[in-house]
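Have the sequence and the 3D view ready.

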Amino acid sequence: MIPLKKKQRSDMLKVLGLSGGDRVESWESSDTDRAVVQGRADGTCIVIAGSKTGRAVITAGCASGRKVVFRIKVQKKKVKTKSFRTA
């Protein structure tokens with residue numbers, strides 16, 4: 001779970017480990033009131049937390065059909081996390 005404060009912006013998400021020739025073709029947020037995603041062709045994205053607290057799922061769709069999921073938690077209080085890793 002990746003915590004973000006309301007209205008916070010993060011560009012730390014990146015899809016890694018794609019096989020040769022595979023690429024990220026789409027980015028989607030499950031709840032745009034809580035998190036909006038702006039994807040880039042290089043497999044990175046910018047996530048902007050909305051004004052509502054709660055959870056959202058960011059999904060990256062790859063050309064191979066593989067889907068990579070990031071879980072976001074938007075909260076009122078300040079985020080103390082300095083770095084994180086996902087498997």
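Here is a quick tour of the salt bridges and a charged surface patch.

This is a predicted model, where local features need pLDDT of at least 70, side-chain atom pairs count only at pLDDT 80 or more, and totals for chains, interfaces and linings use all residues. Residues are numbered from 1 along each chain as its sequence is written, and side-chain values use heavy atoms, with hydrogens and water left out.

**Salt bridges**
- A salt bridge here means a side-chain nitrogen of Lys or Arg within 4 Å of a carboxyl oxygen of Asp or Glu, and that rule gives 3 salt bridges.
- Arg23 pairs up with Glu25, with the closest N and O atoms 2.9 Å apart.
- Arg34 meets Asp31 at 2.4 Å, N to O.
- Asp33 and Lys52 make a salt bridge too, at 3.7 Å from N to O.
- That pair ties together distant parts of the chain, 19 residues apart: Asp33 is in the loop between strand E3 (24–29) and strand E4 (35–39), and Lys52 is in the loop between strand E5 (44–49) and strand E6 (54–62).

**Buried or exposed**
- Buried means under 20% relative accessible area, exposed means over 50%, and partly exposed is in between (1.4 Å probe, protein chains only).
- Asp31 counts as buried because its relative accessibility is 19%, while Arg34, at 21%, counts as partly exposed.
- Lys77 is exposed, with a relative accessible area of 61%.

**Positive patch**
- Arg55, Lys73, Lys77 and Lys80 gather in a patch of positive charge on the surface.
- Patch members have over 30% relative accessible area and no salt bridge, with like charges joined within 9 Å and nonpolar side chains (Val, Leu, Ile, Met, Phe, Trp, Tyr) within 5 Å.
- Lys77 lies in the segment after strand E7 (67–75).
- Strands (E, at least two residues) and helices (H or I, at least four) are DSSP runs, numbered from the N terminus.

How values were computed. Accessible areas come from the Shrake-Rupley method with a 1.4 Å probe; for residues, only the protein chains shown count as cover. Lys and Arg count as positive and Asp and Glu as negative; His and the chain ends are not counted. The place of a charge is taken as NZ of Lys, CZ of Arg, CG of Asp or CD of Glu.
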